[in-house]
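Morning, everyone. I have one structure today, and I'll start with a single residue before moving out to the whole chain. Let me put it up.

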Amino acid sequence: GYYGWDEDRRLFRQLRELATPQGVLVVLTAHRDWMVRHLDGEAIDKAGPITIYQRRDLNLETSTLESNWAFFDGEGDKRKLRLRLAMEHRVYSLHELRSLLEEVGWRYVKALGGDRGADSRPSELDADSKTMWIVARAA
């Protein structure tokens with residue numbers, strides 16, 4: 001998802017139309033409730049010779065994560081800006097994503113939480129879970 005309520009609704013509806021009557025949907029996504037409490041507004045990462053500066057803000061009115069990334073090559077005085085990206089994506093709390101899925105024909109089964117995305121083993125979802133795993137069945 002991440003496109004916004006209307007576009008995500010369209011995506012999940014299309015997935016439901018493609019699913020068999022026994023279909024299972026598993027969604028792994030960022031957990032909005034974790035972001036409200038723990039989001040670090042800035043980060044610096046390295047990818048080989050590239051340094052990536054990130055600035056992130058969570059818009060509480062729209063539940064949109066607004067990110068600005070700057071990619072630099074080199075170090076110190078020889079550092080050159082190579083690319084700037086501005087991105088927005090919708091993040092959901094459990095009740096919002098459940099409502100969205102049920103609206104388009106999925107039956108909510110369970111939600112689990114995780115800390116490191118796809119590399120983590122799901123556990124009980126709570127406010128400190130960085131990611132959410134949502135399991136739904138074709139209704």
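Leaving aside its neighbours within four places in sequence, which residues is serine 63 in contact with? Keep in mind that this is a predicted model. The contacts are Arg32, Leu58, His89, Arg90, Val91 and Glu96.

Look at Arg32 in that list. The side chains of serine 63 and arginine 32 are joined by a polar contact of 2.6 Å.

Now, where does serine 63 sit in the fold? You'll find serine 63 in a loop, with β3 (50–59) on one side and β4 (64–73) on the other.

Is serine 63 buried or exposed? Buried. The relative accessibility of serine 63 is 4%, and the cut-off for buried is under 20%, so serine 63 counts as buried.

Let's step back to the whole protein. We have three helices and eight strands. Along the sequence, the order reads α-β-α-β-β-β-β-α-β-β-β. The C-alpha trace spans about 60 × 30 × 30 Å along its principal axes.

How much of the protein is buried? Of the 139 residues, 37% are buried.

Next, contacts across the chain. Take those between residues at least 6 apart in sequence: 52% of them join residues at least 24 apart.

Then the surface. The protein exposes about 8800 Å². Carbon and sulfur atoms supply 49% of that area.

Last, charge. There are 22 positive and 23 negative side chains. The centres of those two sets lie 4 Å apart.

That's the tour. Back to serine 63 for the discussion: a buried residue, in a loop, with a polar contact to the side chain of arginine 32.

Key: Residues numbered from 1 in each chain as written. Predicted model: local features only at pLDDT ≥ 70, side-chain atom pairs only at ≥ 80, totals over all residues. Heavy atoms only, no water. Helix = DSSP H or I, 4+ residues; strand = E, 2+ residues; numbered from the N terminus. Buried < 20%, exposed > 50% of the residue type's maximum accessible area, 1.4 Å probe, protein only. Polar contact = N/O pair within 3.5 Å; in protein donor to acceptor, adjacent residues only side chain to side chain. Contact = heavy atoms within 4.5 Å. Areas by Shrake-Rupley, 256 points an atom, 1.4 Å probe, with all protein chains shown as cover. Lys, Arg positive; Asp, Glu negative; His and termini not counted. Charge placed at Lys NZ, Arg CZ, Asp CG, Glu CD.
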